[in-house]
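Please read the following with the sequence and the coordinates open. The text goes from a pocket to the ligand site and then to single residues.

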Amino acid sequence: MAKHRKGEILTLEVEDLAYGGEGVARLDGYVIFVHGGLPGDRVQARIVQARPNFGRATIEAVERPSLDRVEAPCPYFGRCGGCRLQHFAYAAQLRFKEKQVRDCLERIGGVDPARVRPIVGTPELYSYRNKMEFTIARDADGQAVVGLHETGRYDAILDIERCLLQSDLLNAILAEVRAFVRERGLSVYDQETGEGLLRFLMLREGKTKGEAMVNVVTGAATFPEAHELATRLRQRFPQIAGVVQNVNAQKAAVAVGQEEHLLAGRETIQEVVGGLTFQISANSFFQTNTRQAECLFQLVLEFTDLKGPETVFDLYSGTGAITLLLAQRSRAVYGIEVSGEAIQDAVKNARANGIDNVRFLQGEVRHVLPDLHRKGIRAHVVVADPPRAGLHPKAIPALGSLGPQRIVYVSCNPSTLARDVGLLIERGYALEVVQPLDMFPHTPHIEAVARLTRRN
Ligand SMILES: C[S@@+](CC[C@H](N)C(=O)[O-])C[C@H]1O[C@@H](n2cnc3c(N)ncnc32)[C@H](O)[C@@H]1O
């Protein structure tokens with residue numbers, strides 16, 4: 001029932017925001033997602049896609065702006081695929097995120113939305129990221145660029161001089177690397193042909209210790225200027241604790257290498273969260289917003305309400321940040337994680353912090369949980385922090401038969417959280433409370449922590 005044609009220009013009233021941050025307008029029941037549209041906007045928009053059930057449109061002119069529309073401070077806003085909501089007042093971003101969590105829980109999970117607490121925002125609206133990944137490419141004129149993908153384009157990189165989501169230090173390092181690449185005319189990887197050297201620049205920062213790490217990802221191991229670059233960076237920025245090179249010779253455009261070479265300094269930087277010190281290497285997973293990670297971990301501790309004698313399972317334990325915090329307040333914690341590298345980091349982190357009541361088990365949650373059950377190992381409390389897809393359908397019955405007293409679910413996707421909460425309710429749990437929190441201002445990402453208790 002597509003009533004509109006591609007190229008048509010329409011006047012639309014934007015009513016809502018969809019999960020990914022697109023404005024939602026309706027015309028005689030036909031839903032149109034308006035790129036950059038905000039609730040309360042009246043816009044002239046051009047239809048760029050007309051499907052039978054919905055369409056997509058881009059704004060030609062804002063006729064009447066939403067009361068929540070603000071000037072986006074970033075000069076790349078709209079073109080850069082990074083932040084999509086910088087033009088939405090922060091208080092309105094928070095309202096939108098909280099509403100998304102409520103709506104999902106009610107619609108998908110069938111639970112009382114009153115269980116959802118008001119969202120916790122962050123005072124740090126910019127410079128909050130401790131890790132950024134930039135792509136190194138060539139623009140149409142053949143000039144080397146170091147930047148981020150253009151909105152909706154996997155093949156076009158916007159040269160970013162300054163990204164507001166990272167610190168001034170990381171921006172200065174970014175500028176220095178770009179200058180070096182251009183001055184020395186370094187070879188740049190071509191994603192189409194697979195030829196060329198430089199692929200990604202990953203910058204990390206240990207916010208609490210003020211240390212930085214530079215990781216240059218290349219398509220081949222031979223990088224003759226590597227040591228010169230590393231020395232120049234460390235001379236200009238004494239905060240750089242280490243410079244590494246990761247080699248990714250495979251086609252997949254990921255900033256993770258099959259081999260790593262230390263170019264200068266050390267391979268890891270330190271970050272302190274929840275009173276624990278974590279060694280973070282170039283490829284380690286670590287929460288990207290240090291300040292809000294502190295807040296998230298405190299919530300998890302509050303919701304687990306550990307008294308000391310409990311055995312806890314930490315599902316999807318990553319590099320063990322939550323596992324180690326739980327271990328300080330319980331008898332024993334089992335961390336379950338599929339990635340062997342993450343487990344290695346977790347083991348090192350446990351050792352470095354003198355924590356010995358943890359065991360990390362490698363495998364998929366849906367397999368490891370029944371194994372532990374068969375061995376007679378039970379948990380009083382389970383914490384789960386799954387990826388966006390949520391719990392595996394087979395992990396739910398395994399969790400149900402394990403029957404922990406409490407489940408604390410850390411979610412980065414309200415719709416899978418709602419689905420899983422609904423399934424856990426069917427298996428004898430009650431949802432007590434959900435606390436949304438904002439870890440990524442100006443992006444549509446939503447984090448929430450839910451606490452469920454066994455009904456009998
Ligand atoms: C959101 S991260 C958890 C981070 C962790 N809580 C931390 O703070 O370091 C999700 C983790 O789940 C792991 N993972 C993904 N699928 C899995 C599965 N089926 N079984 C076990 N772990 C899995 C990923 O490797 C990743 O480390």
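Helices (H or I, at least four residues) and strands (E, at least two) are DSSP runs, numbered from the N terminus. This is a predicted model, in which local features need pLDDT of at least 70 and side-chain atom pairs count only at pLDDT 80 or more, while totals for chains, interfaces and linings use all residues. Residues are numbered from 1 along each chain as its sequence is written, and side-chain values use heavy atoms, with hydrogens and water left out.

The second largest pocket has a volume of about 390 Å³. A pocket here is an open set of points on a 1 Å grid over the protein atoms alone, where a 1.4 Å probe fits, with protein on both sides within 12 Å along at least five of seven lines. Grid points are joined across faces, edges and corners, and the volume is the space filled by probe spheres set on the points. Lining residues, which have an atom within 4 Å of a point, number 17 for this pocket. Ala 137, Asp 155, Ile 157, Tyr 189 and Gln 191 lie nearest its centre. Two or more lining residues come from each of strand E6 (131-138) and strand E9 (198-206); E6 gives the most, with four. By class, the lining of the second largest pocket has nine nonpolar, three polar and five charged residues. In this count, Ala, Val, Leu, Ile, Met, Phe, Trp, Tyr, Cys and Pro are nonpolar, Asp, Glu, Lys and Arg are charged, and the others, Gly among them, are polar.

Strand E9 also holds Glu 205. Why does Glu 205 count as buried? Its relative accessible area is 10%, and buried means under 20%, exposed over 50% and partly exposed in between (1.4 Å probe, protein chains only). The side chain of Glu 205 makes a polar contact with that of Ser 167, at 2.9 Å. A polar contact is a pair of N or O atoms within 3.5 Å; within protein, one must be able to donate a hydrogen and the other to accept it, and residues adjacent in sequence count only if both atoms are side-chain atoms.

Turn now to the ligand. A ligand oxygen atom is 2.6 Å from a side-chain N or O atom of Glu 337, and a ligand oxygen atom is 3.5 Å from a side-chain N or O atom of Gln 287. Val 338 takes part through a backbone N or O atom, 3.1 Å from a nitrogen atom of the ligand. Taken alone the ligand exposes 600 Å², and the protein buries 83% of that, with areas from the Shrake-Rupley method and a 1.4 Å probe.

Some backbone angles deserve a look. Most residues other than glycine have a negative phi. Ser 127, in the loop between helix H1 (90-107) and E6, has a positive phi near 55°. Asp 305, in the loop between H4 and strand E15 (311-315), has a positive phi near 50°. Ser 127 is partly exposed because its relative accessibility is 26%, and Asp 305 is partly exposed at 33%.

Ile 355 is in the loop between helix H6 (340-352) and strand E17 (358-362). Ile 355 is buried, since its relative accessible area is 12%. Its C-alpha atom is 7.1 Å from that of Leu 324, 31 residues apart along the chain.
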